[in-house]
Amino acid sequence: MSNIDFDVTIVGGGVIGLSISYHISKLIPNIKILLLEKEKRIGLINSSRNTEVIHAGIYYQKDSMKSIFCKEGKNKIYKFCEKYKIKSKKIGKLFIDNSNNSIENLLMIQKQAKSNGLNDLFFIDKKNLREIEPNLNTNLALCSPSSGIFDTYDFISKLEALSLNRDVTIVNECIFTNAIREDRFWKICINHDQNNHIKTKILINSAGLQSLDISKKIFNINFDLIKNYTKGCYLRYKGVSPFNHIIYPSLKPGIIEERVDATPDINGGLRFGPSAESSNDNINFETNKEILDKFYTKIKEYFPLVIKNKLIFDTVGIRPKVSSKKSKLPLDFKITCGNNFVDLVNIESPGLTSSLAIGSYIANHVKEVI
Ligand SMILES: Cc1cc2nc3c(=O)[nH]c(=O)nc-3n(C[C@H](O)[C@H](O)[C@H](O)COP(=O)(O)OP(=O)(O)OC[C@H]3O[C@@H](n4cnc5c(N)ncnc54)[C@H](O)[C@@H]3O)c2cc1C
């Protein structure tokens, strides 16, 4: 490719880049969009290395982007799945009370949910739990009925197909390496080839784990942020899921702790995890074998009948978390919209749930500035 002009170039073919290309091409007819993906296919990095949960939007700070986009994105995903016949199910999430003092945490979660406008959470006692989740050992659970699961593979494929139908150019195995602002265009360099340039009016950085580097190098922003990447490894449980709901040992809102969730998948299986392992800026998708014993001990607390040799190593993702240089406290999504660029950093969970809301928001911005 050389000297081709595009109105918009998107870096990254994960669920965020694809949602952006889908929404812009839907909103602005005949716009010329290029999407660059460094891997062999779209969606191979975190967009397919996660728990596939449609989060309700409970535990994010009130009025934060995570809270707003998650709630809006949840509704959009359920509708999108219905429209395009993608498997999805509101199976509900049970926060469980499995330590002496964790009733406090459950109440905190309920309070946080209310402050985010979610008034549908309710408690379930031991007797009723025995009926709906016979394999679950706990005295009390807080249920979020609007949480669910869906088929992310089909979701990603559909976003790609709809983008292609509207003439978005998607190029795999194409690494964005540099961009220089010249006059009214960005001169983009791909695959380290200094002689080949693509001209584009608007440049969108949705490169996931590479986003912060691009943000600093190309847009000269976010220098106060550092990578605080957190690896998440999963174990799959062989056979049919012993649970009907997503099971979350209670957590403190906004804080990732070493706990082991159990999440049914849309095809009837079950995964445990993810772990939370600090990896700073190291990108390595190798499984940490130590999780087998660690998870087993924790799973037994709420699933006493767990059979150890049914636990097998599964996928690994890396949360693209960033934090400020001063503190490692969780940050909101960092989305910067300029006149000729859009920069998306820290699109960690609930990024998947939020994807359709984020794509729609950015498409509206592009319509204003193009
Ligand atoms: C362990 C884990 C569990 C999670 N669970 C959930 C969940 O249950 N629910 C939920 O809502 N969210 C969840 N998330 C979050 C969700 O997966 C992410 O927010 C979402 O996938 C982010 O999508 P993305 O497109 O920004 O990133 P990615 O999927 O990482 O896509 C970025 C793309 O950019 C490409 N790229 C990077 N650099 C370049 C370059 N220079 N040139 C060209 N292409 C480039 C990459 O190859 C990649 O394909 C989870 C995340 C993790 C890690």
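Trainee: Does Glu52 count as buried or exposed?

Mentor: The model is predicted: local features need pLDDT of at least 70, side-chain atom pairs count only at pLDDT 80 or more, and totals for chains, interfaces and linings use all residues. Residue numbers start from 1 along each chain as its sequence is written. A residue is buried if 20 or more other C-beta atoms, placed from the backbone, lie within 10 Å of its own, exposed if 12 or fewer, and partly exposed in between. Because Glu52 has 20 C-beta neighbours inside 10 Å, it counts as buried.

Trainee: Where is Glu52 found?

Mentor: Helices (H or I, at least four residues) and strands (E, at least two) are DSSP runs, numbered from the N terminus. Phi of Glu52 is near 60 degrees, a positive value in a residue other than glycine. Among these elements, Glu52 belongs to the loop between strand 2 (33-36) and strand 3.

Trainee: Does Asp183 count as buried or exposed?

Mentor: Asp183 also has a positive phi in a residue other than glycine, near 50 degrees. Its place is the loop between strand 10 (176-182) and strand 11 (185-190). Since Asp183 has 6 C-beta neighbours inside 10 Å, it counts as exposed.

Trainee: Which residues does Thr152 touch, not counting residues up to four places away in sequence?

Mentor: Thr152 is part of helix 5, and its 25 C-beta neighbours inside 10 Å mean that it counts as buried. Two residues are in contact if their C-beta atoms, placed from the backbone, lie within 7 Å. Under that rule, the residues that Thr152 touches are Ser47, Ser48, Glu52 and Leu352.

Trainee: What separates the C-alpha atoms of Thr152 and Leu352?

Mentor: Leu352 is one of the residues that Thr152 touches. Along the chain the two are 200 residues apart, yet the separation of their C-alpha atoms is 8.7 Å.

Trainee: How many bridges join strand 14 to strand 19?

Mentor: Strand 14 (residues 229-237) is mostly covered, with seven of its nine residues buried. Three bridges link it to strand 18 (residues 277-280), and three link it to strand 17 (residues 270-272), where Tyr237 stands opposite Leu270. With strand 19 (residues 311-319), strand 14 runs antiparallel, and Arg236 stands opposite Ile312. The number of bridges joining strand 14 to strand 19 is seven.

Trainee: Which residue in strand 15 is the bridge partner of Ile96?

Mentor: Strand 15 (residues 246-249) pairs in the parallel sense with strand 5 (residues 93-96) over four bridges. From strand 15, Ile246 and Tyr248 point one way, Ile247 and Pro249 point the other way, and all are buried. The partner of Ile96 there is Pro249.

Trainee: At roughly what angle do the axes of helix 1 and helix 5 cross?

Mentor: Axes are lines fitted to C-alpha atoms, for helices over the stretch in contact, and angles run from 0 to 180 degrees between N-to-C directions. The axes of helix 1 (residues 15-27) and helix 5 (residues 152-165) come within 9 Å, and the angle at which they cross is roughly 35 degrees.

Trainee: Which residues are closest to the ligand?

Mentor: A residue is near a molecule if its C-beta atom, placed from the backbone, lies within 6 Å of it. The ligand is surrounded by 40 residues, and the closest are Gly12, Gly14, Gly208, Gly232 and Gly351.

Definitions and conventions
Pairing = 2+ DSSP bridges.
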